[in-house]
Amino acid sequence: HVSTKPPPEPSPLRKAKFFQANMRILVTGGAGFIGSHLVDKLMENEKNEVIVADNYFTGSKDNLKKWIGHPRFELIRHDVTEPLLIEVDQIYHLACPASPIFYKYNPVKTIKTNVIGTLNMLGLAKRTGARILLTSTSEVYGDPLVHPQDETYWGNVNPIGVRSCYDEGKRVAETLMFDYHRQHGIEIRIARIFNTYGPRMNIDDGRVVSNFIAQAIRDEPLTVQLPGTQTRSFCYVSDMVNGLMRLMDGENTGPINIGNPGEFTMLELAENVKELINPEVKIITVENTPDDPRQRKPDITKAKELLGWEPKVKLRDGLPLMEEDFRDRLGISRKK
Ligand code: NAD
Ligand code: UDP
Ligand code: UDP
């Protein structure tokens with residue numbers, strides 16, 4: 001039996017929802033490196049309204065200057081360890097210092113940001129019904145005994161070391177996400193981000209790619225921390241942002257590794273930077289810091305299968321894009 005009646009009119013409430021064209025998206029930590037690139041991408045969609053909440057600890061308004069004053073954009077000075085009462089549909093929760101120098105600077109604040117900050121954002125998600133994505137980290141795998149790391153690996157983390165405020169903080173943040181999901185039905189997404197690089201990284205934040213590029217531009221020796229055979233896998237920021245958005249808009253909670261599986265020793269990275277940016281620069285070895293993971297490389301099978309995502313930018317193509325931005329900010333042009 002086929003009904004010839006027209007479909008019923010949607011209720012006024014459904015109509016209101018339908019015509020509420022805009023998606024209101026909160027990005028915590030949106031004034032930072034990855035956050036500001038994410039904001040750029042989200043703002044490209046005219047249906048998105050973007051709200052950034054940031055305390056400017058490691059981020060800067062400069063990263064968002066092209067959006068300040070835009071009718072679909074709002075910037076709030078806010079510390080996520082304090083409650084936040086706004087109305088949103090999606091939350092990208094990035095707020096947390098990411099460079100070892102900064103997260104070790106005030107470790108108690110780092111763990112509060114991860115634990116209380118994530119709890120508050122989950123409370124906000126619960127009250128508004130928003131979907132929330134946490135940017136967790138490959139550091140949850142600690143100094144991994146499994147290589148490459150896939151999402152089933154539980155990690156090898158020192159609970160009382162100088163990195164623990166960050167590693168263990170993110171591990172608790174993941175726990176909170178899953179507890180809110182199971183107990184309150186919150187829609188969650190967890191990305192485990194591997195080392196990311198690109199324009200707008202803090203020039204002096206001590207991370208290896210930003211250090212080497214700034215050193216090469218300033219004609220200072222590249223400081224490879226011993227032993228130099230430790231490995232990392234570097235993902236260009238535009239690939240990272242695409243991966244995060246796929247995860248948010250897809251159907252899988254994660255955790256899902258997002259990173260570039262191309263693996264380099266720190267000595268190889270230094271050689272690449274030298275060759276591409278300043279063939280005259282020296283490479284020296286210096287002391288390392290405690291608990292430095294010896295190897296790191298993502299297994300991205302899950303991201304490929306579940307998100308249809310994989311990185312596109314190779315290290316040797318990404319480094320020159322970052323060089324340009326660093327030269328602009330340092331005011332040092334390439335020698336002719
Ligand atoms: P970033 O330091 O550039 O950005 C972090 C932002 O969070 C900054 O703008 C900072 O001011 C803000 N912030 C810090 N504490 C806050 C607080 N209590 N309240 C409000 N805002 C606060 O770092 P990023 O590289 O852009 O990293 C973004 C996220 O991605 C972080 O959660 C980090 O743990 C995660 N991540 C990054 C990498 C990487 O390689 N960059 C790797 C793994 C995970
Ligand atoms: N919270 C927030 N914004 C909201 C709702 C809650 O920041 O819109 C905070 C709230 O202050 C609390 C945390 O999120 O500290 C967890 O909230 P939840 O409702 O889950 O727990 P409860 O308030 O019952 O402890
Ligand atoms: N590193 C280095 N020289 C530097 C800074 C870092 O050789 O000037 C090394 C560091 O020992 C580590 C790797 O680079 O093995 C990545 O360090 P980073 O702080 O960038 O990130 P994370 O340790 O969080 O992966």
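I count a residue as near a molecule if its C-beta atom, placed from the backbone, lies within 6 Å of it. The model is predicted: local features need pLDDT of at least 70, side-chain atom pairs count only at pLDDT 80 or more, and totals for chains, interfaces and linings use all residues. Residues are numbered from 1 along each chain as its sequence is written, and chains are lettered from A and ligands numbered from 1 in the order in which they are written.

**Ligand 3**

I looked up the 13 residues around ligand 3; R207, V208, N211, Q225 and M266 come nearest. Helices (H or I, at least four residues) and strands (E, at least two) are DSSP runs, numbered from the N terminus. The largest share, 3 residues, is from β8. By class I find 4 nonpolar, 6 polar and 3 charged residues. Here Ala, Val, Leu, Ile, Met, Phe, Trp, Tyr, Cys and Pro count as nonpolar, Asp, Glu, Lys and Arg as charged, and the others, Gly among them, as polar.

**Ligand 1**

Which residues come nearest to ligand 1? Of 28 around it, they are G29, G32, T58, G59 and A98. At least two shell residues each come from α2 (33–43), α4 (107–128) and β5 (131–137). The largest share, 3 residues, belongs to α2. This shell divides into 12 nonpolar, 14 polar and 2 charged residues.

I then took F212: leaving out residues up to four places away in sequence, F212 touches L222, L269, A270 and V273. Contact means C-beta atoms, placed from the backbone, within 7 Å.

**Helix α5**

I tested the length of α5 (residues 164–184). At 1.5 Å times one less than its number of residues, its 21 residues should span 30 Å; the end C-alpha atoms are 28 Å apart, which agrees. Buried residues (20 or more other C-beta atoms within 10 Å of their own) in α5 include Y166, R171, M177 and Y180. The buried residues of α5 pack against α3 (100–105), α4, β5 and β6 (188–193). Just after α5, G185 takes a positive phi of about 70 degrees.

Technical notes: Two residues are in contact if their C-beta atoms, placed from the backbone, lie within 7 Å. A residue is buried if 20 or more other C-beta atoms lie within 10 Å of its own, exposed if 12 or fewer, and partly exposed in between; C-beta atoms are placed from the backbone.
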